[in-house]
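Hi,

Here is the structure I said I would pass on. Have a look at it first, and then read my notes below.

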Amino acid sequence: MKRFFCILMLAAMFAACGKEKNPGEPAFERPSYASGQKQGNITYQLLIYSFADSDGDGIGDFNGIKSKLDYLDALGVSALWLSPAHPADSYHGYDVQDYSKVNPKYGTEADFKALIDAAHAKGIKIYMDYVLNHTGKGNVWFAEAKKGPASDKFGWFHISSNPSADIAAGKFPMLTSYNSGEWHDVTVGEIGYTGRLHFKVDFSGTPRTMTVTAADGAAQTSNTDTSVNMFLWVGEPGQAVRMYRTGTDIYEITLDVDTPWGVLVRTSDTSWDGGTKWGAPKGANVLIFGEPLALSTEDAQDILFGSPTPMKFQGAFGSWMPDLNYGPVSTASSSGAFQALAQTADKWMDMGVDGFRLDAVKHIYSAERGNENPEFLRQWYERCNSTFRRTHSSDLYMVGEVWMGSSDVAPYYKGLPACFEFDFWERLKWVLNQRTGCYFVKDLTGYRKAYAAVRPGAIAATKLTNHDETRAASILGRDLAKLKQAAAFLMTAEGEPYIYQGEELGYWGKDGDDGGRDELVRTPMVWESASTAATGDLGGHVDMSLVTDAISVAAQEKDEESLLRTYYEWTYARNTCSALASGKMSSHGRYNESNTLDSSVAAWYMTAPDGAKALVVHNVGASPVDLDLDGDKLSDMLVSLGSVSVSGTTLELGANSSAVFRQ
Ligand code: CA
Ligand code: CA
């Protein structure tokens with residue numbers, strides 16, 4: 001067969017493409033968008049701590065993000081998903097100390113507000129990452145809850161002296177079975193007390209003891225009889241209180257205490273030396289109310305307040321992340337934890353935040369009975385949306401992380417308008433590495449059908465990888481042609497795509513589950529110079545082979561063959577073509593799952609509500625293919641990748657080549 005190839009020149013998409021190149025000058029100008037043109041619903045996931053550092057302390061911050069909004073705008077991004085912005089125990093922020101504040105490492109609340117306003121001025125929305133399953137161990141509510149049943153926050157967590165019995169008795173409706181690995185000591189070195197206590201120190205025998213009980217009687221003040229040399233040192237901030245002698249070598253006092261730890265016993269209020277300090281024996285320093293505690297001067301330990309029996313708390317992700325307790329799902333929205341969290345979300349929405357990404361939602365009701373999590377999320381969404389709708393005419397955006405296969409994700413659309421589609425990448429990496437594209441459309445449309453059955457208008461949040469996954473480049477063998485095609489798939493498929501920080505630069509890295517470290521998939525952006533990269537919060541766990549000027553944004557912008565330039569082209573195509581931006585995906589009549597002769601081809605139509613239609617064709621094979629596209633219009637190519645030739649009704653696609661044609 002005689003074939004005629006005519007290599008199509010790409011339509012000039014960017015202003016720069018039509019310009020004369022001056023030697024020595026970079027010929028590239030970033031894409032720019034007219035108002036309303038950016039319709040692709042592309043979100044960029046960024047890690048505040050490693051995106052951009054504005055003040056040279058090595059830690060990314062709000063002002064750093066603000067300074068890169070031009071870049072994000074040119075990348076075609078219409079929303080940012082920020083890693084958790086709250087004060088947190090760890091660098092990554094998923095163990096929140098206080099949901100109502102911003103992490104001072106990242107700047108002030110005014111800085112955050114300025115970022116929101118500057119983003120809005122460019123048509124970029126801000127989504128906050130909210131962790132509803134658990135807090136950090138350093139959380140302000142947990143600090144209160146640990147003080148015991150008298151605390152109004154006690155019930156906001158799962159805290160118990162006998163978890164298995166309490167679960168069996170139905171006291172923790174969120175849990176159906178006792179998993180000892182999820183329960184951690186709340187007491188040792190942790191618990192304090194606020195309230196009225198009675199102290200009795202008995203020096204009449206051996207060992208000397210102290211007994212503490214909850215007090216009914218009136219509180220006393222420090223004894224003024226200076227002949228009594230027996231004191232309690234009550235921290236924190238710490239004060240010596242003189243006790244009352246109530247018998248031979250017996251001393252007592254009833255006190256109102258507010259201490260994060262406990263007490264010491266002293267026989268002098270002026271000296272800490274020698275025998276004046278009586279504490280607890282090493283390894284046994286948690287005092288149980290009502291039980292005498294042996295006192296010791298040998299390596300005397302701080303006496304910590306316990307509870308009638310030692311308590312444990314439930315933390316499914318480990319001893320540093322206590323799970324929140326919302327009670328039975330039927331009344332979750334009236335629980336204290338729910339209402340307090342919702343009030344913090346209100347604050348951020350009032351400040352201008354446009355949406356939320358919800359972490360680990362399948363773990364909230366850990367038993368996953370029936371629809372508990374989707375029902376909980378429905379209540380959460382409706383509560384937040386009611387606040388949002390006070391000032392907006394559209395509904396709030398909220399996307400859930402349900403890290404499961406699509407059939408398990410589908411029920412979550414009962415609660416949320418959007419969920420991440422982890423299967424998108426699961427399928428796409430198989431397509432690219434197996435060089436088999438013919439099943440992709442059938443798989444994807446199958447998933448979407450399941451979502452739509454639960455929620456008409458369900459938004460599939462598509463993505464390659466995120467901060468918890470081995471990087472796409474590592475999965476694809478750092479093959480640039482495959483990485484470019486992954487971007488082309490992401491920007492031509494139905495859904496609302498996410499680009500993860502560094503993905504557009506081709507960052508590689510293996511996560512902790514793959515023999516690497518989680519930090520290695522959270523590498524800082526390199527803008528112009530590696531020397532300013534925000535490496536400071538990653539504890540030295542940075543793959544410095546990525547942090548180079550050669551991989552930087554500046555270098556890739558100058559390189560026509562770079563992955564970043566491919567991202568610019570394909571995000572631009574998605575943003576400016578309504579068929580790609582909001583289209584529904586449908587199979588091609590000839591190149592589909594039935595055509596295993598051309599198994600390397602993935603082809604589909606995207607059809608927008610406004611009637612705009614595009615033909616999308618990808619060849620993931622290592623060899624060129626000739627495709628007979630009689631019946632399709634090949635004269636109006638929107639964007640292409642690799643080697644693309646059209647001759648009459650024949651399209652030749654080279655290895656890892658893609659094209660989109662307006663119909
Ligand atoms: Ca900084
Ligand atoms: Ca949970």
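Let me start with Phe154: beyond its neighbours within four places in sequence, Phe154 is in contact (heavy atoms within 4.5 Å) with Ala145, Gly148, Pro149, Ile159 and Met311. Before I go on, the ground rules: this is a predicted model, where local features need pLDDT of at least 70, side-chain atom pairs count only at pLDDT 80 or more, and totals for chains, interfaces and linings use all residues. Residues are numbered from 1 along each chain as its sequence is written, chains are lettered from A and ligands numbered from 1 in the order in which they are written, and side-chain values use heavy atoms, with hydrogens and water left out.

Back to Phe154, which sits in the loop between H5 and strand E5 (159–160); helices (H or I, at least four residues) and strands (E, at least two) are DSSP runs, numbered from the N terminus. Is Phe154 buried or exposed? Its relative accessibility is 16%, so Phe154 counts as buried (under 20% relative accessible area, with exposed over 50% and partly exposed in between; 1.4 Å probe, protein chains only). Phe142 is 12 residues away from Phe154 in sequence, and their C-alpha atoms are 7.9 Å apart.

H5 (140–145) turns up again among the elements that cover the buried residues of helix H7, along with H4 (109–121), E4 (125–131), E19 (355–359) and H8 (372–388). Those buried residues include Phe338, Leu341, Trp348 and Met349.

Next, the helix pair H10 (residues 422–434) and H11: their axes come within 11 Å and cross at roughly 175° (axes are lines fitted to C-alpha atoms, for helices over the stretch in contact, and angles run from 0 to 180 degrees between N-to-C directions). That is why H10 is roughly antiparallel to H11 (the term covers angles over 145 degrees; under 35 is roughly parallel, 65 to 115 roughly perpendicular and the rest oblique). On the H10 side, the contact is made by Asp423, Phe424, Arg427, Leu428 and Val431, and on the H11 side by Phe440, Asp443, Leu444, Tyr447 and Arg448.

Finally, there is an open sheet of 5 strands, ordered E24-E25-E26-E31-E28 with antiparallel pairing (strands pair if DSSP finds at least two bridges between them). E24 (584–587) and E28 (637–641) are the edge strands, each pairing on one side only. Between E24 and E25 there are 4 bridges, and Ser586 has Tyr605 as its bridge partner in E25.

Cheers
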